[in-house]
Amino acid sequence: MLTKRRNGEVGRTKLSAITAGLVSEAVDRRTFLRRSGLAAGGLAAVGSLQLGAVKKASAAGTAVSGADVVIKKNICTHCSVGCTVTAEVVNGVWVGQEPSWESPINRGTHCAKGAAIRELVHSERRLKYPMKLVDGQWQRISWETAINEIGDKISAIREKSGADSVYWLGSAKFTNEASYLFRKLGAFWGTNSVDHQARICHSTTVAGVANTWGYGAQTNSYNDIRNAKTMIIMGGNPARAHPISMQHLLSGKELNRANMIVIEPRFTRTAAHATEFVRIRPGTDIPVIWGMLWHIFQNGWEDKEFIRQRVYGMDDVRKEVAKWTPDEVERVTGVPGDQLKRVAEMFAKDKPSTLIWCMGATQHTVGTANVRAFCIACLATGNVGAPGTGANIFRGHTNVQGATDLGLDVTTLPLYYGLVEGAWKHWARVWEVEYDWLQSRFDEVPAIAGRKPRSRKENMEAPGITSTRWFDAVNLPEDQVDQRAGIKAMMVFGHGGNTVTRIPEAVKGMGKLELLVVADPHPTTFSALNARRDNTYLLPICTSLEMDGSRTASNRSLQWGEQIVKPAFESKNDYEAMYLLAKKLGFADKMFKNIKIENNVPSAEDLLREINRGGWSTGYCGQSPERLKAHMKNQSKFDLVTLRAPKDAPDVGGDYYGLPWPCWGKPEIRHPGTHILYNTNLHVKDGGSTFRARFGTERNGQTLLAEESYSVGSELTDGYPEFTMGVLKKLGWDKDLTADELATITKIGGNNVDAVSWAIDLSGGIQRICLDHGVIHYGNGKARANAWNLPDPIPVHREPIYTPRPELVAKYPTRPDERQFRLPNIGFSVQKAAVDRSIAKDFPIILTSGRLVEFEGGGEETRSNPWLAELQQDMFVEVNTADAGDRGIKDGQWVWVLGPEDGAKVKVKALVTDRVGRGVAWMPFHFSGWYQGADMRSYYPPGTDPVVLGESVNTLTTYGFDPVTGMQEPKATLCQIRAV
Amino acid sequence: MARMKFLCDSDRCIDCNACVTACKNEHEVPWGINRRRVVTINDGMPGERSISMACMHCTDAPCAAVCPVDCFYTTADAVVLHSKDLCIGCGYCFYACPFGAPQYPRVGNFGSRGKMDKCTYCAGGPEADLSEAEYVKYGANRLAEGKLPLCAEMCSTKALLAGDSDMIAQIYKERVIKRGYGSGAWGWRTAYRETVAI
């Protein structure tokens, strides 16, 4: 990448200015140094002291402190691999990091971000105290004032415009407990517009994968990839985005002499280590997969027995695949037929094979269809449910899996219960609040623009507005927005402002909001876009390294992180901020009924126990805080490849590391967790399972239950539906219920006890009994190659909205205009207009985006870290050498990149490289702080500006939304590039 | 005593820069000085490889040979260290070093560069082990604590190996035999006048 290194000082705030503003009781590193009598200074100080030329190094090494070193373990807050961070703490100050040798996931290692994570906590550029914008100027205020004013303002907005007019944007950097609490806060406030970053990274994965075989998550694990003989990485660049996963991938590649195939538009750092690289045109994933399946079906390489026993609807796929002859695939995707045949043969025959994907697959208008096609490729070749196989989906942020699980999603309550009446009643029972009271919190929606009105109950069961379109719900005429009023206030917790497409529209929306609240360790892009002058609040929140709680890595393992140091400056943790807000809004007593509060801080352990009490649907019920803490203490006991501890290991015997969900039943029954989903070669008590019977038992005369396939030791030796009390009775197994369990089930069921299912049985009795009989309570069904409830039941290719190949639009158009998530999705009209106006002539280069290794997400945190910032000092665009030559662009020179909407333009440096193919440009998405050529540094509150600023790629990205999840389209749009 | 060396397995290195920031973190290395860095060759093209580079702690170190004030010395573990008290910032070592390891806090001529700084193999300097003076001038002394350089310990893919020459050569050999390929112990012939025979 473009790494220009230079000497000299970054525009950094004087140390004195920061310490002057310090009123925190927590001892920060510098205060500590003063008190310990250790002079500031360091490497640079000796002989070369030239203030302003170098930053003074100023931490005490452990050796010089002379005090006792306390070791604390937490989890890296960056990607979803879940690396353990081992911190050395002296007198409450984090002074050093050591390798976490015992973690089976990272085994001592880190990437650039993890190895530099200590700086996040002490960063001088953190938001240090609450602030508000008064006539365009940032003013310091107290927490009390902030909470009071914010509470009064949102209450007034609620009064005037309804509960739905306040948008709750949460975070994938939350702990599980904070994620859960935030969703609960949304429910108590009375809206379903509660979302987070999963919307823009893997929402399509969750929807597509869950609709295929039951649960929308990585089926295997990073470690298990060591077993694969063929791995296809499609739409992912783990060497940048998940570097520690590469340890496992490369080991697998080396030990098994495995095929490592990278299918991508760019020759990435990952591709450099591949055995085969397939370059595709962005946005043509489905034709590539169908092209592979064409060869597989043509040659009979499919796993016929697996399909017969465990897959529904594969014949419908064959019909679609038949259309994708090698010639048509090459015409659409650019991939030669013989290369694809070679890849297909490896995937089908050199088994076990795994398909690894990331945001290159998901961030498309066809994102859900893409991941469905990927799953179908696994099913057709029998590559699911065994070691070395599976859909290895690499999630984004540290806890994006957990935050998704715990319901930071506009379509569901925690743990995928959905929004139906039964779901609300289930959580009302867990929370011990009246269902009617919850309902009373929701708006009644009048009939607008000919649409049907919604009662409170109907509104409570209607999905909210997706985070990709919050500003559309501000900007569009009110009659276009299907709720009481448009969005008037944004409550943004731990979410960058530059990660959503169409920033020019977002800027307009920001300007119109009546209230904007940003609760974050950093002020984020929201504060620097200069769209507002008043009614904007910044709340300093500590990083999750400064708090207790669990997070769920991509492989579904939960890891407990302990507070390393107290929250720095005046920051508070998410739990406390939410508690204070709930208290101000008057429902804290109800909301925290069973949660211990100490000094306004809710107990993370109690929050997890409440999750356990309600988390039956997804197996979040067995991971008690005690068990998770025992895992962190005994990390060394777990096997590197199987992730399992030996049966005789104290406290964790037989468990899989982190009790990967589903971990069934109550903690006491000690279910080990599920390392590999749908693995029928294990007993259910050893983490075995089947495809979930989630979609009924029969369709069009064909069974949806598995045929002659069941998990080891099952008393039922064929497919079976999911369990309810009624099914239990039919089998005569209800006699095994204890009196307490029966009493709980009876209480839940009322006059229809037989309908109580395994997912709402708060006693855990149904799950316990099923496990004893070797069956899985969610049923033994078939995976669906045909998902009839989705807009495209069989994935079909659809050209990107802004395509460089307008001649293909007639044959492969995007879906018709339609209303989704309370808003119109006019993708079809936009695509048609782009074709009619020959946009591709003026904007001939495909623009796609992705990650750097040094920065994470919107990048506010990592760009504020000088150790990382030094390595990537400039925003850039990768331009192919031929395209650069045509335009007279030299490597390293400034260029304008122009987008097709809103007259958008960004000024960035050119990185001329053949990493991108001809006609393709690529930009990283971590930058912000410049806007259309202007440096916005002065708009940050003084001293909180990140070290490195740059244009955001999303200033250029354009319209386009997945019909199932509202996913944005930042991976395939068009641009033009000109020398400045 | 052991003969300490670095070995970067370029078939494993993914240019993640963990070694660079681990070093910054451990020693609080200031902005503008990079004791370690990752270099990529054939960037963006087939055959692309990345290599993590720092002072290799050479046998008969050329930096020591050209130093006019003789500030370099080799420890019993064969780690090449220098004294910042003696260094005059002349820059000769920078020109002599085949790996570009020496770094200076300032740009200038005739001794105005400031004291040279480079990778210490996490072994401190001439001051007493684990003393405050040593930490301030050279950073942490992990070797004295019985640990290895943090860059290698934290390497994401275990591409960068540090430790006794025989042991890391053995690990590399086994790796190459197991996987069937290897582009050699990069820089070893220059630094140590030998290579790892497979």
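1. Thr354(A) stands opposite Gly390(A) in β13(A). The two belong to a parallel pairing in which four bridges join strand β12 (residues 353-357) of chain A to β13(A). Here strands (E, at least two residues) and helices (H or I, at least four residues) are DSSP runs numbered from the N terminus, and two strands pair if DSSP finds at least two bridges between them.

2. This is a predicted model, in which local features need pLDDT of at least 70 and side-chain atom pairs count only at pLDDT 80 or more, while totals for chains, interfaces and linings use all residues. Residues are numbered from 1 along each chain as its sequence is written, and chains are lettered from A and ligands numbered from 1 in the order in which they are written.

3. The sheet that holds β13(A) is open and has five strands, in the order β10-β9-β8-β12-β13 (chain A), with parallel pairing. Its edge strands, β10 (276-279) and β13 (390-393) of chain A, each pair on one side only. On average, neighbouring strands of this sheet are turned by 20° against each other, direction ignored.

4. Within β10(A), Phe277(A) is the bridge partner of Val262(A). A residue is buried if 20 or more other C-beta atoms lie within 10 Å of its own, exposed if 12 or fewer, and partly exposed in between, with C-beta atoms placed from the backbone.

5. A further open sheet has three strands in the order β32-β31-β33 (chain A), and its pairing is mixed. Because β32 (934-935) and β33 (950-951) of chain A each have a single partner strand, one side of each is left without a neighbour in the sheet. Strand β31 (residues 929-931) of chain A pairs with β33(A) in the parallel sense over two bridges, and Gly929(A) has Gly950(A) as its bridge partner in β33(A).

6. Helix α6 (residues 143-161) of chain A packs against helix α26 (residues 574-585) of chain A at an angle of about 55°, their axes being 9 Å apart. That makes α6(A) oblique to α26(A). Axes are lines fitted to C-alpha atoms, for helices over the stretch in contact, and angles run from 0 to 180 degrees between N-to-C directions; those under 35 degrees count as roughly parallel, over 145 as roughly antiparallel, 65 to 115 as roughly perpendicular and the rest as oblique.

7. Helix α12 (residues 285-299) of chain A and helix α15 (residues 326-333) of chain A pack at about 160°, with axes 9 Å apart. The two helices α12(A) and α15(A) are therefore roughly antiparallel.

8. In chain B, ten of the ten residues of helix α1 (residues 18-27) are buried, so this helix is largely enclosed by the rest of the structure. Just after α1(B), Glu28(B) takes a positive phi of about 50°. Glu28(B) lies in the loop between α1 and β2 (36-41) of chain B and counts as buried, with 23 C-beta neighbours inside 10 Å. Although Glu28(B) and Gly139(B) are 111 residues apart along the chain, their C-alpha atoms are separated by 7.3 Å.
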